[in-house]
Amino acid sequence: MDMPNNETNSDNLEFENRINLSELQDAVFQIKQQLQKVIVGQKQMMDLLLVALLADGHVLIEGVPGVAKTITAKLISKTIDIGFSRIQFTPDLMPSDILGTSIFNVKTSEFEFKKGPIFSNMILIDEINRAPAKTQAALFEVMEEKQVTMDGKTYKMEEPFVVLATQNPIEQEGTYRLPEAQLDRFLFKVIIEYPNAEEELEIIIREHALENTAKISKIETVIKGAKIVEFRALVNQIKIEENLLKYIANVVVNTRSNSFLYLGASPRASIAILSASKAFAAIEGRDFVTPEDIKRATIPVLQHRVIVTPEREMEGVTSTQIIEQIIEAVEIPR
C-alpha cells in the first residue's frame, strides 16, 4: 500500500488527506459524547451503529432484554435530528401494519395511501424474531429497495434510511428464526453482553440521579440528517488498495470452504466488509483503508451470514470463533 511519507499514527495524523474528514470526525465524536451521557459502556455497539449509519447499512442487534438496545437507537436519532419510528413486532403483526394501507376517501371517491410507521429515517424494530415470515418479508423488501409499492404506485423512503432491529436470543420462547436470505440484508450483527460489575454500579447511580427525569432530555442535537448523506458520499471516496480487496475476497471465500461451516458468506458480505472498512477508516480520519479496518469489520459482517455445522455447534463452537480462525489463517497484505 502507498503510505504517506509523514506521520501515519491515527492519533496524530500530520499528512494531508485527499478528502477533508475533519467535520465527519467531529460529528462522530460529538454524537458519542451525547450518547455517553446516558449509555454506560457498550462502546462497540455505539461504534458499529455509527459505522453502519455512514456505510448506509442496517443493523441486527442481539441481546437479552434490558441492555440498552432500544434507548440507544432512540438517542442516536435525536443527536442527528432525524425522524424516529419504533415498531414492536408481535406474532399477529401484518405487513399493512408497518407499510401502510389504502383507505377510501368518500369526499374524493378515490383511495388514498396512508403511510405506515416504516416511513421515517431511523426505524427501530423491537423483537424482530417475534413476527411471522410474511411481515418479516415485507420489512426486508423495504430494507433492500428503500421503497414501498402500493396499488401500482412507488413511494421512496427519505434518506438517511436505516433499520435497527433488535432480537432476543433465539432459544427464548415465542421467537421465529430469521431465514439466512433475510439475515444477509443486515450489514452488521451486534451482540450485546451484560455490563460488568463496575458498569452495573454506574447504571444504578445514574438512574438514581435522574429522579424521574427522562433520559432523552439529556441529549442534544449535534447535526442534521442531511449531513449523514453528505458524509456517506465522503466515505465512498475512501481509497483502498487492490491487495486489500484481494484480502477481503480471500477471507470471504475461505468461509465457503471451511469444514466447520455448513454455509459460507455470499458476495454481499464482501461488499459489506468493503463499505464498513471505509467507514471505519473515515472515523479514524484516514482517507485510505488499512488491514485493521477490514479486521474490525469482518466479524460483525460475517457472524450472522455463516452457519456452523451441526456437529461443531453441538461441541459449542461458535461462528465468531471460526471467523477469527479464518482471519488468522489468511495472510495479511503488506
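A: Helices here are DSSP runs of H or I with at least four residues, strands are runs of E with at least two, and both are numbered from the N terminus. The model is predicted.

Q: Where in that numbering is E127?
A: E127 sits in the loop that links β5 (122–126) to α5 (133–145).

Q: Where does K146 lie, and what is its phi?
A: K146 is located in the loop between α5 and β6 (147–150). Its phi is also given as positive, about 55°, although K146 is not a glycine.

Q: Is K146 buried or exposed?
A: Buried means under 20% relative accessible area. K146 has 14% relative accessibility, so it counts as buried.

Q: What kind of peptide bond joins E159 and P160?
A: Most peptide bonds are trans. The bond between E159 and P160 is cis, with omega about -5°. P160 belongs to the loop between β7 (153–156) and β8 (162–167).

Q: Which residues does F188 contact?
A: With neighbours within four places in sequence left aside, the contacts of F188 include L48, V51, A52, H58, V59 and L60. Also among them are A276, F280, A297, P300, V301 and H304.

Q: Which residues form a nonpolar patch on the surface?
A: The patch consists of F104, V106 and F111, which together have about 360 Å² of accessible area. V106 is in the loop between β3 (100–105) and β4 (110–115).

Q: Why is V106 called exposed?
A: The cut-off for exposed is over 50% relative accessible area. V106 has 67%, and is therefore exposed.

Q: Where is K69, and is it buried or exposed?
A: K69 is part of helix α3 (residues 69–80). Its relative accessible area is 6%, so K69 is buried.

Q: What does K69 touch, not counting residues up to four places away in sequence?
A: K69 touches I61, E62, G63, V64, T166, N168 and I192 on that count.

Q: What separates the C-alpha atoms of K69 and S102?
A: The two are 33 residues apart along the chain, and their C-alpha atoms are separated by 33 Å.

Key:
Residues numbered from 1 in each chain as written. Predicted model: local features only at pLDDT ≥ 70, side-chain atom pairs only at ≥ 80, totals over all residues. Heavy atoms only, no water. Contact = heavy atoms within 4.5 Å. Patch = residues over 30% accessible without salt bridge, like charges linked within 9 Å, V, L, I, M, F, W, Y side chains within 5 Å. Areas by Shrake-Rupley, 256 points an atom, 1.4 Å probe, with all protein chains shown as cover. Salt bridge = Lys/Arg side-chain N within 4 Å of Asp/Glu carboxyl O. Buried < 20%, exposed > 50% of the residue type's maximum accessible area, 1.4 Å probe, protein only.
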